[in-house]
Each structure stands twice: as C-alpha cells, then as structure tokens.
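Please keep the sequence and the structure in view while reading.

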Amino acid sequence: MNFSIARSSISSPIQHYLEELHREYAQVNDGTVATYIPELARADKRWFGICIATTDGHVYEVGDSRQLFTIQSISKPLVYGLVLEDHGEETVLNSVGVEPTGDAFNSISLDPQSGCPLNPMINAGAIAIAGLVKGTNAADKLHRILQTFSRYAGHEVAIDPMVYRSEKDTGHRNRAIGHMLRNFNVVADDPEPVLDLYFQQCSIAVDCRDMAVMAASLANGGINPITGLQAIKRDYVENVLSVMATCGMYDYAGEWIYKVGMPAKSGVGGGILAVLPGQLGIGVFSPALDTHGNSVRGLLVCRALSRDFNLHLFDVPGFSKSVIRSKYDATQIRSRRVRNEKEAAVLKESGARIKIYELQGEVTFTSAEVVVRDIMKSLDSMDFAIIDMKRVVTINPAAGKLLRDLVQSMTAQHVYPVFSHMDAHESFACELRTTVNPAGSGVSLIFSDNDFALEWCEDQLLTQKMRAYCPMGAVPFSEHQICRGFTMQQLACLQEYVRCVTFKAGDMVLRRGDQPDNIYFLMKGEVSATVRLPTGKLKRLSALSAGAIFGELAFIDQMPRSADVRADTDIECYTLSREDFDHLSESDPHLRAALLENLVRHISQMLRRISDEVTVLAQ
Ligand code: DON
C-alpha cells in the first residue's frame, strides 16, 4: 500500500461526482450556439463548466469554470433587484408585472389590461426595468449596475465590448420592444439610452464560477458568502427569486420548476444560474442552446443535480430536528457559582422552578410555535425560563414577534423570561429590550451565557426561598469546609501552618500555566476561575465565595495551574504550601488524613456535579 499520497490531493466525493457528471454530459452535442448576435457565434460549442457554491463560501468547480462569456439574460434578475432597491416593490410593480407568459424571451407583448410588460424576465420587462435604474447620467447608471454585479461575483466585472457592439448593431427586435414601451408610456423618455443600458448589462462578462457565487449570494439572503458584502438587500431577495422561479426559464419555466425545482435564469451566452435558497448556488455554462434559448447541457446538469442531491425546492425533509435541542432545570445543571450547603439544599428542592430551553436552527413561525406551546403548557411549574439562543441560526420576523408575545404572556403570569447568547441576534435583542422588562428595575434579562443567566435566576430563587439569603461575606476558620470534623487541637495545629494573604478586587490570584505552590482556602470575598477559549472568549469555570477551596488540583498533582483565578471583590485567603503540608503530615499523620479526607470530599462533589451535567447534556 502506498501511504505517500498526500491526503489533500484526494478529491472530495462531491468533486468526484461533478467530474463524472461533466464527463457524462460533455458527450451531448445537441443544440446550437446563438447566432442572432453575431459575436456570440464565436463561442466554442465544447466549452463546458459546472460550479456549485455553498452558502458558507465553498466553491466546487469542474471543466471550463473560468472561461469568460457574456451574462445576457441572467443580468435581468440582478438588475431587477437593484431597481427594487431604488424604488420599492409598489412602484416597480406599477411598471412591470410578475405573471409568467409562456412566451419566448423576445416576444413583443404587453399585458392587454395594464399595458405593462408581463414580467421582468422577458425582454420587454427587462428593458422597462433598465429604464428605472437610478443614476445621474448614463455612465452613472451603468456604473451602478457594474458595482452591483461585482458585489455578487466578489470581484470587479466589466463589459465585453465586442459583444456589446455586436448586440447594439443588430438588436432591432429589442429596439422595436423599446419603442413599443415608449409608445405605451412604460418608458418615459427616449428609449435609445434605455436600450443601450440594457445591451450593456447583457454584455457583462462573467465565468461559471461567478455565476455560482452570484447564485449563492441570492441563496444566502443577498450576502456574498465569500466576501461577506451585501449584493442585494435581504428584503428583495424573495421578490427576485419569485420571478426567477415563475418566469426565469421563459416558455420552459413550468417544466423547469416541475423537474428541477429551483429559481433559475438562463442566458443566450450559455449560462444557467440556479438558486437553492439557504443552501447553495449553481452555475452551469455550455453555449449550445435549445429552441427556448436555454443551454442544453445546462438543463441536463441541473436536472441531474436536483435528482441526485434532492435539491428540488418542494422536496422538504421531514422535521428531523426539534427547535428545542434540550430542556432541563436547575436541579440538573446549576450555575458555576459554588453554593454553600444551605443554598445548595434550597436549589435542590426548588431548582426545578428554573427551566432552561436550548433552542437550535432556524426559528420560524412553526418552530417558535413549538417553543410557545411547550412553555405555556409548563407555566405553572416554573418561575424562570432561560431561553438559550446559542445554536439558533436565524429568527425570522414572524418568530420574533411570537417570542416577544410569549415574553409578555409569561410576564403577565409572573414567570421571568431570561435570554442568553444573543450576540448573533442583536436586532431581536433590541426589540426584546424595548418590549418588556419584567424585573422593572433596569435588570437586564439578556445574559451573555447560561451560566450568568442561571446564577441570576438562582439568586432570585434563593432570595424568595431563604428569608435571610445573603451571600456569605466571610467564614470563621472553624467553619471552613477544609476543617470539617476537626478537633480543636487539629484546628489550632493547621492554623500554625497556614498563611493569611489578601488581594484587592480585580487582582489576578493565580495564572493558568504557573507552577503550583499553595492551596487556597477562601475566608472572605469572592473569586472567579476562568479559562480563555480558542475563540478568544473567557469562560467562567466557577465562582467561589467565602468557605471555598481553590488551587487544589495543581497542589495535588504538582502540574501547572489549569485556570486563571481573579479576585471579584477584596479577598482574604489562608494558604498552605506544599512544603508546609509535608511538614504537617510528618508531625501529625491524623491531621494529614483529616485534611485529605476533606479535600477528597470536595473533589468528589465537583466530579459528581460534572458527571450529573454530562448526563443531562448528553441526552
Ligand atoms: O435581449 C437579448 O437578445 C439578449 N441580450 C439577452 C437574451 C437572453 O439571454 C435570453 N435568454 N435565454
């Protein structure tokens, strides 16, 4: 066996599939290259490229994926989007309808009732749309189109001057359409500059990869998945995809949506651009066309991809994943705040009144409805509901409204809604902040993570349940957990070996990686142990109050410190060095045994808690 082949040189199964597909359909020689624009006749019938771009920005490409060709009619949906941004839906609909015609792309027709072009994908509609592009002059209008296309493609695009000239010289039929539009006042002024702009937009040169990335930008809510730049406002993506789905393939549109099932647009340059919303974009290029003006191989490839990868829009998988990823309460998982025995007992007894809902995926009306139903059904058994949005990808407006209404219903029932991990959902967080603040005292009900959300809920619960709940400020040495079960004599003996140290709030007490020296018994104040995650974020491992032990792991195994410990308030600790522990052990083996027993109990409590949490989270 040869192990020397670099693994990276072995192609992915998807790449392999595309290569096979390319090989298979390269054999098809049906169709003819467009000749009605003389310059297009120069295309080589053998050119053939296939690209798929995902919404996370990966592009698969095979064949002539970098061969330039003119975008032609594929420019129509892109310019339509720009014009929607310029004027808004209503104004645009007043000029151009959205009804499929079943006619050829260059049919000379208007809606007999409205006198407007039937849709923006046929030439009449596209020319009317070109007439609506805003700009101070012809050059500015073209510049805006080029800029838009460049954002879609992820690089500067330009006009192919030969094709432009050729189309301008021979575009008599389009000229007829332009003048007809002028006659019916769909185009307000001289149609010639409008036609010129239309010829220019059709002559923009792209390659197959560009088309896939353009399609993926539409699939990705208008954001180019590679550059992160907005090609079109999200609000108008739906409009553009709708006309592509119904009219993008002209008189083949019905069969296309039936067999392929994706919004798409073809061009006489040989390109087909298809979009699977939310998932991917496809670009296929092969210049030989069928009688509808669609690329022969392009159609075959799209049909095969749709069939083999189940890409049809209406091939909706059953809801395999619930929006509620996991549901538990504060008896099962507690905050990182280490509680004393009394507090822990109260939380064990009443922690079920704090429920945690971890949500996931796309939150739409139907998935939000599941959350609303579940929470409303359990309102009687809870006082707090933490809604964790860490794994939520998007919240659509309908779901956002439903969740805000839920917040109000919960508040009316005196149940506190608490949200966590909202960084990726800033606009929803803003809406929530202005909707309601059930604490009514400026307390933020949005926390950076579940730990802080849980701590807040636990504190509220402890305040409700323990009349004199007040986090312990200081403990006498005799009550510290390390001294549990000690005789007076043992206590006095240990006291001789420990050293009192103090730190100010904000001081770093221990640093991850440091060599171990002492174990710390916290007598007064609070500290937090944290680690920095690979993402750069700080993660709190535990928050300790007076009576807690820290620095014990490195003290025992003599390995470097595993976390940073910082004083949250002014603190006072007793420390015991490893050397003094050894002296103490020699002089009083019983005290050593008692100390170790308390340490082991402390560590087993920590371990028990961790294994309980793992059990809950693994469900
Ligand atoms: O209007 C024309 O003739 C071309 N510039 C564009 C037509 C086109 O691409 C039709 N699509 N299949």
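**Loops, helices and rings**

H414 is exposed, because its relative accessible area is 65% and exposed means over 50%. The model described here is a predicted one. H414 belongs to the loop between α15 (397–412) and β14 (416–420). Its backbone deserves attention as well: phi of H414 is near 60 degrees, a positive value in a residue other than glycine.

Y250, although not a glycine, has a positive phi of about 55 degrees. The loop that holds Y250 runs between α10 (234–247) and α11 (253–259). Is Y250 buried or exposed? With a relative accessibility of 6%, Y250 counts as buried, since buried means under 20% relative accessible area.

Two further loop residues may be considered next. N119 is located in the loop between α3 (89–95) and α4. Its relative accessibility is 1%, and N119 therefore counts as buried. Which residues does N119 touch, not counting residues up to four places away in sequence? They are V96, G97, V98, E99, P100, T101, G125 and C247.

V498 is found in the loop between α18 (488–497) and β16 (499–503). At 13% relative accessibility, V498 counts as buried. Apart from neighbours within four places in sequence, the contacts of V498 are F477, F521, Y574, T575 and L576. The C-alpha atoms of V498 and S577 are separated by 7.8 Å, and these two residues are 79 residues apart along the chain.

E552 lies in helix α19, which covers residues 552–557. With 7% relative accessibility, E552 counts as buried. Leaving aside neighbours within four places in sequence, E552 is in contact with I519, L599, H602, I603 and M606. How many Å separate the C-alpha atoms of E552 and K259? The separation is 66 Å, for two residues that are 293 residues apart along the chain.

The description now turns to a pair of helices. Two packed helices are described by the angle between their axes and by the distance between the axes. Helix α4 comprises residues 123–130 and helix α8 comprises residues 191–202; their axes come within 8 Å and cross at roughly 110 degrees. Angles of 65 to 115 degrees count as roughly perpendicular, and α4 and α8 are therefore roughly perpendicular to each other. On the α4 side, the residues that meet α8 are N123, A126, I127 and A130, and their partners in α8 are V194, L195, L197, Y198 and Q201. Sorted by class, this contact of α4 with α8 has seven nonpolar, two polar and no charged residues.

The aromatic rings come next. A pair of aromatic rings is described by the distance of the centres and the angle of the planes. The count comes to 14 aromatic pairs. One of them joins Y17 and F309, with 4.6 Å from centre to centre and 45 degrees between the planes, and this pair is tilted. The pair links distant parts of the chain, as Y17 is in helix α1 (residues 13–25) and F309 is in helix α12 (residues 296–309), 292 residues apart. Y17 is buried, with a relative accessible area of 18%, whereas F309 counts as partly exposed at 30% relative accessibility.

Why is the pair of Y520 and F550 stacked? The ring centres are 4.8 Å apart and the planes are at 15 degrees, so the pair is stacked, given that planes under 30 degrees apart count as stacked. This pair, too, links distant parts of the chain: Y520 is in strand β18 (residues 518–524) and F550 is in strand β21 (residues 549–550), 30 residues apart. Y520 and F550 are both buried.

Ring pairs also link F384, Y416, F447 and W456 into a cluster. The charged end of R297 sits over the ring of F48, at 4.9 Å from the ring centre. The charged end of R578 sits over the ring of F555, at 5.4 Å from the ring centre.

Notes
Residues are numbered from 1 along each chain as its sequence is written. This is a predicted model: local features need pLDDT of at least 70, side-chain atom pairs count only at pLDDT 80 or more; totals for chains, interfaces and linings use all residues. Side-chain values use heavy atoms; hydrogens and water are left out. Axes are lines fitted to C-alpha atoms, for helices over the stretch in contact, and angles run from 0 to 180 degrees between N-to-C directions. Helices (H or I, at least four residues) and strands (E, at least two) are DSSP runs, numbered from the N terminus. Angles under 35 degrees count as roughly parallel, over 145 as roughly antiparallel, 65 to 115 as roughly perpendicular and the rest as oblique. Contact means heavy atoms within 4.5 Å. Ala, Val, Leu, Ile, Met, Phe, Trp, Tyr, Cys and Pro count as nonpolar, Asp, Glu, Lys and Arg as charged, and the others, Gly among them, as polar. Rings of Phe, Tyr and Trp (its six-membered ring) pair if their centres lie within 6.5 Å; planes under 30 degrees apart count as stacked, over 60 as edge-to-face and the rest as tilted. Buried means under 20% relative accessible area, exposed over 50%, partly exposed in between (1.4 Å probe, protein chains only). A charge sits over a ring if NZ of Lys or CZ of Arg is within 6 Å of the ring centre and within 35 degrees of the ring normal.
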